[in-house]
Amino acid sequence: AFAAIRLGGVENFLKTIEIASKIPSTSYSYDRATKLAQDAEEQIVEIVTKLVENRDWTQLANLSRQIPNNSSLDKKANSWSTLASAGRNAELGTITSLDLAINQIKNISSDSGVFKEGRELQKRWTLQKEDLVYLTEAKDLARPGDVTDLRQAITKAEFISNENPLYSEAQREIQKWRREIQVQEDQPYLNRAKQLAQGNNVDAWQKAIAQADAIGSGRALHSEARNLISQWTANIQRVEDQPTLNRAISLGNNKDYQEAINVASRISRGRALHNDAQNRIRTWRREITAQENLAQAYNIAQNRDPQSLSRAITIARRIPSSADVAGQGNVAVNRWSEQLLANARRIASNYVRSDLQEAITIAEMIPSGSSAYNQARQEIQAWRRELNPPATPPRNTSPRNTNPRNNTSEPVEPFPPEPTLSDTNFY
């Protein structure tokens, strides 16, 4: 018996009781055996109590069936089985099933170990039954769906206290009925507002807004009303601000960008056309910046030295391709690139090693994509070959020419012809 109780579980506790009950009253172990059987019974009762607390009626019914008919727990097991059946009936949630559960609870004996729990469940189910009657009557009242019936249904459902299992369901129904009431009360305002807005003019939209504004915050149709009010307000703002935006667009089309910006800036933040105006302002500011960059580049290029021309090209290439002066910028970049190439050729024609290196440096300033770029790369390659001739001259050498600068006879790489591009008339 001691070994069985140590293993735990209902089956072992029952085995403990069965074995201990076989020890006769004449035995010196009888008192200890009786105490051991009582301990096992208490363990089983504790398990039953937890099952009741967890509302695990199925497991409680299964445990009750494990108790033998000749066991000392047989009477208690009958009460446990009755409680499990009552619990299953109560969970059905109907007035009939709750009545049945309440009547079953009355059959639980006081020595069952769950008598107190049974009485508490009886009170709970009695309240639940009463509130279920309220909720059922409330739903019946709400069924026609008119405002008066819905208000009566809400009054009836509010009798259900927050301690009742039906409280959450009752609150959901109340919330639903209140919404239905609000829709019925406010829908005429919204319908009237929509009808007024069909006039499609400022006066019609203003009247529609005034009508829809009567639907207060927290009402069921408030969000829909606010969305419509926003639409109608935007319509009014477009009508009011479109002439201003059209004026700004006209100025922008005439290249009067700064005045266009000034006019478009009158459309304030939060207005319907504000974003459109800001997008156009950004475009016009880019045009102004492009013009300023082009003017700055022209001004720098007037110095005509390679560094100035290179700096002018760099500034001009900042002009975005979408700008109105982008074409002028491209023409200027090509012109200044040709000037750089002409300068490089002129310096290279001196046939001095340092001049060739300077010519290469100037030609490398010519950007890719310009009209002079490909020719500049060819010239750079030729000048680099001149700076770094082969260590062993080829077998078929070219005629030796006289270098006019030092009157010495040395091979000279033939240079391309002098450029014909004039350095004047560029501005």
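User: What do the numbering and the confidence limits rest on?

Analyst: Residues are numbered from 1 along each chain as its sequence is written, and side-chain values use heavy atoms, with hydrogens and water left out. Because the model is predicted, local features need pLDDT of at least 70 and side-chain atom pairs count only at pLDDT 80 or more, while totals for chains, interfaces and linings use all residues.

User: Why is Asp241 called buried?

Analyst: Buried means under 20% relative accessible area, exposed over 50%, and partly exposed in between, with a 1.4 Å probe and protein chains only. Asp241 has 10% relative accessibility, so Asp241 counts as buried. The residue is found in helix 11 (residues 222-253); helices are DSSP runs of H or I with at least four residues, numbered from the N terminus.

User: What makes Ile267 a contact of Asp241?

Analyst: Contact means heavy atoms within 4.5 Å. With neighbours within four places in sequence left aside, Asp241 is in contact with Ile267, Arg271 and Leu273.

User: Is the crossing of helix 6 and helix 7 left-handed or right-handed?

Analyst: The crossing of helix 6 and helix 7 is left-handed. A crossing has that hand if the near helix is turned anticlockwise from the far one by less than a right angle, and is right-handed if clockwise.

User: Which residues form the contact of helix 6 with helix 7, and how do they divide?

Analyst: From helix 6, Ile95, Leu98, Asp99, Ala101, Ile102 and Ile105 meet residues of helix 7, among them Trp125, Leu132 and Val133. The residues of this contact divide into 8 nonpolar, 4 polar and 3 charged. Ala, Val, Leu, Ile, Met, Phe, Trp, Tyr, Cys and Pro count as nonpolar, Asp, Glu, Lys and Arg as charged, and the others, Gly among them, as polar.

User: What makes Arg219 and Glu185 a salt bridge?

Analyst: A salt bridge is a side-chain nitrogen of Lys or Arg within 4 Å of a carboxyl oxygen of Asp or Glu. The side chains of Arg219 and Glu185 meet at 2.6 Å, N to O. Arg219 lies in the loop between helix 10 (202-212) and helix 11, and Glu185 in helix 9 (residues 167-197), so the pair ties together parts that are 34 residues apart in sequence. Arg219 is partly exposed at 26% relative accessible area, and Glu185 is partly exposed at 28%.

User: How far apart are the N and O atoms of Glu379 and Arg345, and where do these residues lie?

Analyst: Glu379 forms a salt bridge with Arg345, the closest N and O atoms being 3.0 Å apart. Glu379 is in helix 17 (residues 373-387) and Arg345 in helix 15 (residues 326-348), 34 residues apart. Both Glu379 and Arg345 are buried.

User: What is noted about phi of Arg55 and Arg304?

Analyst: Most residues other than glycine have a negative phi. Phi of Arg55 is near 55°, a positive value, and phi of Arg304 is near 65°, also positive. Arg55 lies in the loop between helix 3 (30-53) and helix 4 (57-66), and Arg304 in the loop between helix 13 (274-301) and helix 14 (306-316).

Definitions and conventions. Helix = DSSP H or I, 4+ residues; strand = E, 2+ residues; numbered from the N terminus.
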